[in-house]
Amino acid sequence: MADNVVKLKPTRPCPVCGKPSTQVHHPFCSGRCADIDLNRWLSGAYVIPAGPVAEDDDDVLPTADSADEEE
Ligand SMILES: [Zn+2]
């Protein structure tokens, strides 16, 4: 009967390696996996703005005529 008792805090698998997470490093299994996940976010943040920047290549060398048009 006691086997049907639901645990209050079910352990979730580590999102990095899939091992059971620990309360100390929740939701990761260790500080190492936490660093890996953080690096993924940081690297992803750098990748996103890298795309549209290429479009600015046409405006890298503005001519004198285009400057006059702003007024
Ligand atoms: Zn892990």
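Phe28 touches Cys14, Val16, Ser21, Cys33, Ala34 and Asp37 when residues up to four places away in sequence are not counted, two residues being in contact if their C-beta atoms, placed from the backbone, lie within 7 Å. The structure is a predicted model, in which local features need pLDDT of at least 70 and side-chain atom pairs count only at pLDDT 80 or more, while totals for chains, interfaces and linings use all residues. Residues are numbered from 1 along each chain as its sequence is written.

The secondary structure of the protein chain comes to two helices and zero strands, where helices (H or I, at least four residues) and strands (E, at least two) are DSSP runs numbered from the N terminus. Phe28 is found in the segment before H1, and this residue is classed as buried because 23 other C-beta atoms lie within 10 Å. The classification takes a residue as buried if 20 or more other C-beta atoms lie within 10 Å of its own, as exposed if 12 or fewer do, and as partly exposed in between, with C-beta atoms placed from the backbone. Buried residues make up 6% of the 71 residues in the protein chain. In terms of C-alpha positions, Phe28 and Cys17 are 8.6 Å apart in space and 11 residues apart in sequence.

Cys33, one of the residues touched by Phe28, lies in helix H1, which spans residues 31-47. With 19 other C-beta atoms within 10 Å, Cys33 is partly exposed. Its contacts, leaving aside neighbours within four places in sequence, are with Cys14, Val16, Cys17 and Phe28. For the pair formed by Cys33 and Cys14, which are 19 residues apart along the chain, the C-alpha atoms are separated by 7.9 Å.

Pro13 is likewise placed in the segment before H1, and this residue counts as partly exposed because it has 13 C-beta neighbours inside 10 Å. Between Pro13 and Phe28 the C-alpha to C-alpha distance is 7.6 Å, at a sequence separation of 15 residues. When residues up to four places away in sequence are not counted, Pro13 touches Gly18, Lys19, Pro20 and Ser21; Ser21 is also among the residues that Phe28 touches.

A further proline, Pro27, is found in the segment before H1. The peptide bond from His26 to Pro27 is cis, with omega near 5 degrees. Most peptide bonds, by contrast, are trans.
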